[in-house]
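Hi,

Here is the structure I promised to pass on. Have a look at it first, then read my notes below.

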Amino acid sequence: MQSESDSHFRSNFFKFFVSMLNRRHIRIKVMQVLYAFGGTESDDFSKDQKFLLFSIDNMYNLYLLLISLMIEVHKRSENHLEKTSKKHLATQEEKNPNRKFVNNQVLVLLKNNEQLQAKLEAQHINNWELDTEYVDLIFKEILASDIYKNYLETKTSDFKEDRDFIVDVFKEIIAPNEKLYDYLEDKHLTWLDDLPTVNTTILKLLRKVKKDSTAFHFLPKLYKDIEDKEFAIKLFKKTLLNQNALTEAISKKTTNWDSDRIANIDLMLLKMGICEVLNFPSIPTKVTINEYLEISKEYSTPKSSVFINGILDKLVKEYQNDGKLNKVGRGLM
């Protein structure tokens, strides 16, 4: 029989369940790997698939890196107050400083989270031990901000005020920091595409954290469920295995186009779109087309979405007439 405490734990855990990846980001990851490896048809795709899964998994390391940055900034604030109070000619204010930032309950939760610390150690997230200048950079920007000055107007605060302060710090100071952006770009190029999703995840978790949140609150799932991981692998495999047939299908619908002038990204998105329409019965064709149109707007030329929409629309109508669409459930819509 489930105890009341177990029931509370499960309720609290699932209530604030957050997954980092959505299907659009999975499609982007697949597109990037197919594009990087040239999309050559092959039965031996183990190396490419391994790179795909590594690229997706590495997104979690970016999340951990940014979470650990907040922990290190908090440690930096503790050291700062300790050194200041021990100055030879310390002022009365320096001897008795406002400890509101050091005592911030959200930062203390992060620092004392043993499961999070274990995850950081397991993934070898120790960048800030070597690259301490970025910790100092963020810390100094916080101290110079109006957000910090307004926060320190009193010496005490409740959990909500502490939480709102950290949300503002992350949103206004950490997330948009250009030097930190350049640092992340140097570490892993694919992180730049992951950054908006990771930042959104962190903000969601910060906004939802409570005084009694479990230790797992700051350990979100990467995939929503196993189906999403299977979707990534299947989309990748099916597209890679059918390159020649997909290219031929596109060529028949682009006879008036100079193939050399069609952007490579557009060709890859078309291949993935066709593959998804034909191989994923539960995904509505409208959803598939809209997803690839949105991705093209971000990653290709201004006219790409019109081009992709036209080709996919023609092919979908042809597949419907030929009875090649095998849509079920939601996929019928």
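By contact I mean heavy atoms within 4.5 Å. This is a predicted model, where local features need pLDDT of at least 70, side-chain atom pairs count only at pLDDT 80 or more, and totals for chains, interfaces and linings use all residues. Residues are numbered from 1 along each chain as its sequence is written, and side-chain values use heavy atoms, with hydrogens and water left out.

Let's start with Asp266. Leaving aside residues up to four places away in sequence, Asp266 touches Ser300, Thr301, Ser304, Phe307 and Ile308. Asp266 sits in helix 15 (residues 264–279); helices are DSSP runs of H or I, at least four residues, numbered from the N terminus. With a relative accessible area of 4%, Asp266 is buried (buried is under 20%, exposed over 50%, partly exposed in between, using a 1.4 Å probe and protein chains only).

Lys252, in helix 14 (residues 243–252), is exposed instead, at 58% relative accessible area. Between Lys252 and Ile311 there are 59 residues in sequence, and 9.8 Å in space, C-alpha to C-alpha.

Now for helix 11, which covers residues 178–187. Leu180, Tyr183 and Leu184 are buried there. Looking down the axis of helix 11, its buried residues fall within an arc of 95° (taken from the directions from the helix axis to the C-beta atoms), so they line one face of the helix. Glu178, Lys179 and Asp186, on the other side of helix 11, are exposed.

Cheers

Conventions: Helices (H or I, at least four residues) and strands (E, at least two) are DSSP runs, numbered from the N terminus.
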